Amino acid sequence: MNNRSDTSSTLVRLDEYRAPAWRVSQVELTFDLGIDTTEVTSRLHLQRDPAQDAPLRLDGEGLELLSISLDGQALDERAWRYVDNVLEVDDARDGSVLETRVCLRPAANTALEGLYLSGPRERGFLLTQCEAEGFRHITFFPDRPDVLASYKVTLCADRDRFPVLLAGGNPDGHGELEGGRHWARFVDPHPKPSYLFALVAGRLQKIERDYVTSSGRAVKLVIWAEPDAIGQCGYAMDALERSMRWDEDTYGREYDLDVFHVVATHDFNMGAMENKGLNIFNAKYLLADPDSSTDDEYRAVEAVVAHEYFHNWSGNRVTCRDWFQLSLKEGLTVFREQQFSADMNSSALKRIEDVALLRRAQFPEDAGPLAHPVRPAQYSEINNFYTATVYEKGSELVRMVAGRLGREGFRRGMDRYFARNDGRAATLEDFLGALGDANGIDLMPYLAWYAQAGTPRLSARGHYDAAHRTYTLTLSQHTPPTPHQSHKQPLPIPVKLGLFDRAGGMLPLHLTADSAETSGATERVVVLDRAEQVFVFQQVNDAPVPSLLRGFSAPVILECTYEPADLALLLRHDPDGFNRWEAGQQLAARAYDNLREGDGTGALDAWCEALEALFNDSAMDEALLADLLTPPGEIELAERERQVDPSHVHALRQQLQEQLALRIGQQALQRRYEALVSHTSVQLDARSQARRRLKRRVLELLARIDPWTAHAQATLQYDNAPSMTDRLAALSVLVRGNASQAHAALAHFRERYADNPLAMDKWFSVQTQLPGELVIERVHALEGDAAFTLKNPNRVNSLFGAWARNNPDGFHRTDGSGYQLLAERLTQLDALNPQIAARMATAFNGWQRLEPSRRALARTAIESVAAHVGLSRNLNEIVQSMLHG
């Protein structure tokens with residue numbers, strides 16, 4: 001397969017969308033599977049749009065065309081042309097059947113797009129990845145999501161080398177062939193776009209379970225993995241069953257095929273793929289056991305299994321008209337996944353986790369040269385738009401609408417959406433229209449959120465009038481300019497709020513113009529849909545403390561003139577777990593400002609005092625306490641700087657944690673740690689996970705004020721750890737502290753998990769968190785480890801991704817060597833896997849805000865990538881946006 005792309009391709013624009021001139025009603029595919037060569041025979045039943053007079057044009061990249069016929073007649077070479085990845089065929093008509101036979105080379109396909117080999121030649125297996133435009137690497141087809149067809153797929157292969165043959169849809173027969181070969185056929189009765197096509201062939205083992213839907217339909221659930229990993233699939237099976245039941249109960253959506261296959265692979269560009277009836281998973285989101293998986297990874301497995309299953313309706317049965325609508329399936333499904341995870345675990349902790357990710361990944365994207373709307377107006381390479389903006393911000397937009405409609409109203413709207421669009425390729429207008437129609441509400445103003453890049457800044461000012469017992473809240477909004485969008489319009493921003501008295505109690509809300517029925521609740525939502533609006537609350541006996549954006553009701557940056565005492569009050573008393581955490585984050589950020597500016601310690605004292613009290617409160621939820629004790633990360637704190645010096649940000653955050661640890665006190669921390677150690681277990685119940693979470697945080701704080709003792713305790717914890725959660729937490733403390741004990745622990749980990757790819761990814765990642773100047777030498781050394789390869793996306797992310805994205809102090813070295821190393825690896829990686837190279841390049845996002853010396857060095861490194869001859873379209877688009885966006 002040709003893994004290179006033309007960097008000069010034209011832009012695809014939303015406003016130039018046209019319905020396809022040719023559709024396909026039925027696809028018949030026959031695969032003669034082999035590792036070095038695979039032949040694919042395709043029969044396309046064509047439908048022509050009578051309103052368009054365009055020749056038949058089919059997408060096809062890197063295909064060796066062996067034969068072509070139309071309506072049973074072989075075509076003369078003058079009747080077709082295959083130029084610039086497009087096959088054009090003359091004389092096709094409505095109802096014609098086009099048959100082609102092509103040759104693929106799976107083992108040579110390092111881009112992991114289309115059909116490729118996962119694992120080493122002697123024991124690996126074949127599989128496909130077709131989203132977004134991978135199907136054109138398999139056969140000629142109008143490879144766009146608004147062409148929906150039914151599929152009949154026959155797989156033929158050597159039985160010994162490929163004993164398991166799988167494709168999407170329902171099984172429709174199997175049998176023997178001559179020469180030790182066999183075949184299997186699958187039929188999908190539901191029309192689907194080509195990006196949902198999938199096949200798997202190889203030596204795999206399975207676990208299976210019978211499932212009965214709410215209406216009584218029998219479904220066979222099957223999870224497949226390589227023999228050494230099948231024992232780690234039980235938790236994913238449980239999560240799948242929970243997901244299916246939840247979707248039936250919450251949305252009334254049942255699974256619609258007779259069998260549901262899930263396959264794990266260690267070679268995958270994405271997290272997982274929702275192919276109809278044959279989900280393919282990156283193994284890191286499917287395999288789990290206590291010895292090799294952390295609590296966070298267990299929750300990630302549950303969430304991703306749910307996400308891909310929920311796509312069966314929000315993505316498969318109702319798909320996207322075009323890739324500009326990508327968030328219609330991804331943002332919506334992330335929201336559904338987040339709802340599920342909140343119901344399965346702690347809703348407050350889940351909300352904290354989701355918002356923390358948004359701020360860490362999406363807010364910087366919105367503030368840099370890669371900023372783009374949730375529904376972009378144009379793109380060059382669609383794979384570059386699988387971003388936090390489309391996924392995480394897209395989910396927040398759905399959450400805003402769901403909050404506007406309420407639980408029952410949103411369910412009513414989703415029922416209308418699925419009913420109207422089942423079997424169709426839909427748009428965001430279809431989504432908002434269905435939800436609005438079902439509730440008698442015009443939701444089209446929310447389309448502005450999808451079209452406008454950038455994170456709005458919500459300003460709040462409060463004024464208390466003691467004479468009239470009124471509290472006036474003035475809300476205003478402003479969105480800074482972003483590349484290609486200098487003018488921003490006001491957006492509808494739902495603000496969930498409450499008011500607190502000085503004792504920490506919530507006040508009844510009497511908003512001017514309220515009816516008697518709506519007045520008096522302690523929480524409500526007001527909508528800011530203009531540049532500025534005023535809201536007046538009556539019958540307020542004393543100056544209140546506002547609790548704004550409760551539950552993070554809109555994806556904005558809140559700017560409010562809170563006093564430190566106000567934030568401390570919310571941190572101590574707000575019953576909304578998210579807003580309690582949010583008050584602590586704001587207070588910690590103010591404390592950071594105290595340290596940076598040396599202008600007093602008001603916020604620092606208030607933050608430490610409040611957390612000391614919560615630390616000693618026996619009624620505090622331990623998992624929430626762990627999060628409250630964690631200040632904003634370096635990426636979030638850097639947003640407070642006009643010119644970013646990552647080393648200075650790192651030092652100030654370390655100082656912030658040291659001050660907190662000193663305030664709580666070494667003895668109190670030590671007692672708490674010992675108590676938590678006494679309850680060590682491997683159970684996955686909420687209480688056990690909470691204790692492990694807090695134990696790690698307490699050990700980290702101890703390491704800030706007494707590293708010698710903390711490192712000795714971390715070594716003991718590592719040696720006695722019954723689970724990966726405790727083992728990795730201890731190892732992290734040793735590595736981050738550059739402890740003398742770290743070397744032996746790392747060597748032990750390397751030997752113990754040498755044959756476990758996912759555990760080895762952790763071994764690489766944890767070492768990239770070495771502080772400051774030390775890490776780049778470690779990264780160089782790890783590149784030379786026998787277990788490292790640029791060909792595996794997980795391994796690349798575990799080394800270069802973890803270093804460049806999660807260790808700003810270590811990546812942004814003053815001599816620019818970090819930038820130079822990443823730039824060199826990007827060009828090497830681009831020759832193998834352009835998608836992964838492009839994603840890795842986003843580590844340079846925000847380079848323009850660095851202090852002048854680092855900024856110049858970063859620019860030089862980015863320019864060196866841009867000047868490299870033969871860059872893929874993927875990487876070229878990213879670096880050009882970095883330089884000129």
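**Entry 1. Helices α1 and α2**

I listed the contacts (heavy atoms within 4.5 Å) and found that Tyr235, Ala236, Ala239, Leu240, Arg242, Ser243, Met244, Trp246 and Asp247 of α1 meet Tyr298, Val301, Glu302, Val305, Ala306, Tyr309 and Phe310 of α2. By class, I noted 12 nonpolar, 1 polar and 3 charged residues in this contact of α1 with α2. For the classes, Ala, Val, Leu, Ile, Met, Phe, Trp, Tyr, Cys and Pro count as nonpolar, Asp, Glu, Lys and Arg as charged, and the others, Gly among them, as polar.

I recorded that the model is predicted, that local features need pLDDT of at least 70 and side-chain atom pairs 80 or more, and that totals for chains, interfaces and linings use all residues. Residues are numbered from 1 along each chain as its sequence is written, and side-chain values use heavy atoms, with hydrogens and water left out.

Helices here are DSSP runs (H or I, at least four residues), numbered from the N terminus. I then looked up the packing: α1 (residues 234-251) and α2 (residues 295-310) lie at an angle of about 45 degrees, with their axes 9 Å apart. Therefore α1 is oblique to α2; angles under 35 degrees count as roughly parallel, over 145 as roughly antiparallel, 65 to 115 as roughly perpendicular and the rest as oblique. The axes are lines fitted to C-alpha atoms over the stretch in contact, and angles run from 0 to 180 degrees between N-to-C directions. The crossing of α1 and α2 is right-handed (the near helix is turned clockwise from the far one by less than a right angle).

**Entry 2. Helices α9 and α13**

I found α9 (residues 577-597) packed on α13 (residues 646-664) at about 115 degrees, with the axes 10 Å apart. This makes α9 roughly perpendicular to α13. Their crossing is right-handed.

**Entry 3. Aromatic pairs**

I noted 35 aromatic pairs in the structure, counting rings of Phe, Tyr and Trp (its six-membered ring) with centres within 6.5 Å. Phe335 in α3 (residues 326-344) and Phe410 in α5 (residues 388-421) are 75 residues apart. Both are buried (under 20% relative accessible area, with a 1.4 Å probe and protein chains only; exposed is over 50% and partly exposed in between). Ring pairs join Phe335 and Phe410 to a cluster that includes Trp246, Tyr309 and Phe310.

**Entry 4. Arg691**

I located Arg691 in α15 (residues 686-705). Arg691 counts as buried because its relative accessibility is 18%.

Note on methods: Helices (H or I, at least four residues) and strands (E, at least two) are DSSP runs, numbered from the N terminus. Rings of Phe, Tyr and Trp (its six-membered ring) pair if their centres lie within 6.5 Å; planes under 30 degrees apart count as stacked, over 60 as edge-to-face and the rest as tilted.
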